[in-house]
Amino acid sequence: MELRLLRAEGLYRQGDLAGTADIVNETRTTRGGLDPIQSDDPALWEILKYEKRIEIFITTGGLMYLERRGWGELGKGSPLQFPVPAG
């Protein structure tokens with residue numbers, strides 16, 4: 001589902017709100033038991049991020065940190081890059 005939600009984020013950034021809502025509703029209504037989101041809902045971006053957080057919660061360590069970095073949600077002073085380990 002992670003790749004589907006990445007696609008939804010891409011569609012959102014391109015302005016395809018209907019496509020975004022369709023993908024978000026795949027998990028929102030089936031797994032979450034929530035009402036479907038409409039493409040004109042002003043909270044679509046926040047709901048997309050919520051669904052992504054829920055779907056990838058335990059998938060990969062640090063992935064949500066990287067998502068938040070991409071969304072510009074890291075606190076001031078947070079590292080944006082990590083050094084490459086010496087090998």
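This is a predicted model: local features need pLDDT of at least 70, side-chain atom pairs count only at pLDDT 80 or more; totals for chains, interfaces and linings use all residues.
At 0% relative accessibility, Lys-52 counts as buried.

**View 1. The salt bridge between Lys-52 and Glu-67**. The closest N and O atoms of the two side chains are 3.1 Å apart. Because Lys-52 lies in helix α3 and Glu-67 in helix α4, the pair ties together parts 15 residues apart in sequence. Glu-67 has 10% relative accessibility and counts as buried, the cut-off being under 20%. In a further set of residues, salt bridges with shared partners join Glu-46, Lys-49, Arg-53, Arg-68 and Glu-73 into one network.

**View 2. The salt bridge between Glu-51 and Arg-28**. Here the closest N and O atoms are 4.0 Å apart. The pair links distant parts of the chain, with Glu-51 in helix α3 and Arg-28 in helix α2, 23 residues apart. Glu-51 is buried at a relative accessible area of 4%, and Arg-28 is buried at 13%.

**View 3. The salt bridge between Glu-26 and Arg-4**. The closest N and O atoms are 2.4 Å apart. Glu-26 sits in helix α2 and Arg-4 in helix α1, so the pair ties together parts that are 22 residues apart in sequence. Glu-26 is partly exposed, with a relative accessible area of 32%; Arg-4 is also partly exposed, at 33%. A search of the whole structure finds 10 salt bridges.

**View 4. Helix α1, residues 2–14**. The 13 residues of α1 reach 18 Å from the first C-alpha to the last, close to the 18 Å expected at 1.5 Å a residue. Its buried residues are Leu-5, Ala-8, Glu-9 and Leu-11. Seen down the axis of α1, they fall within an arc of 165 degrees, so they line one face of the helix. Their cover includes α2, α3 and α4. The face turned away from the buried side carries the exposed residues Leu-3, Arg-13 and Gln-14. After α1 comes Gly-15, with a positive phi near 95 degrees.

**View 5. A nonpolar surface patch of Leu-34, Tyr-50 and Ile-54**. Together the three residues have about 280 Å² of accessible area. Leu-34 lies in the loop between α2 (17–30) and α3 (44–55), and is partly exposed at 36% relative accessibility.

**View 6. The protein as context for the close-ups.** Along its principal axes the C-alpha trace spans about 45 × 25 × 20 Å. Of the 87 residues, 30% count as buried. The protein exposes about 5900 Å², of which carbon and sulfur atoms supply 55%.

Notes
Residues are numbered from 1 along each chain as its sequence is written. Side-chain values use heavy atoms; hydrogens and water are left out. Patches are made of residues with over 30% relative accessible area and no salt bridge: like charges are joined within 9 Å, nonpolar side chains (Val, Leu, Ile, Met, Phe, Trp, Tyr) within 5 Å. Accessible areas come from the Shrake-Rupley method with a 1.4 Å probe; for residues, only the protein chains shown count as cover. Helices (H or I, at least four residues) and strands (E, at least two) are DSSP runs, numbered from the N terminus. Buried means under 20% relative accessible area, exposed over 50%, partly exposed in between (1.4 Å probe, protein chains only). The expected span of a helix is 1.5 Å times one less than its number of residues. The arc is that of the directions from the helix axis to the C-beta atoms. Contact means heavy atoms within 4.5 Å.
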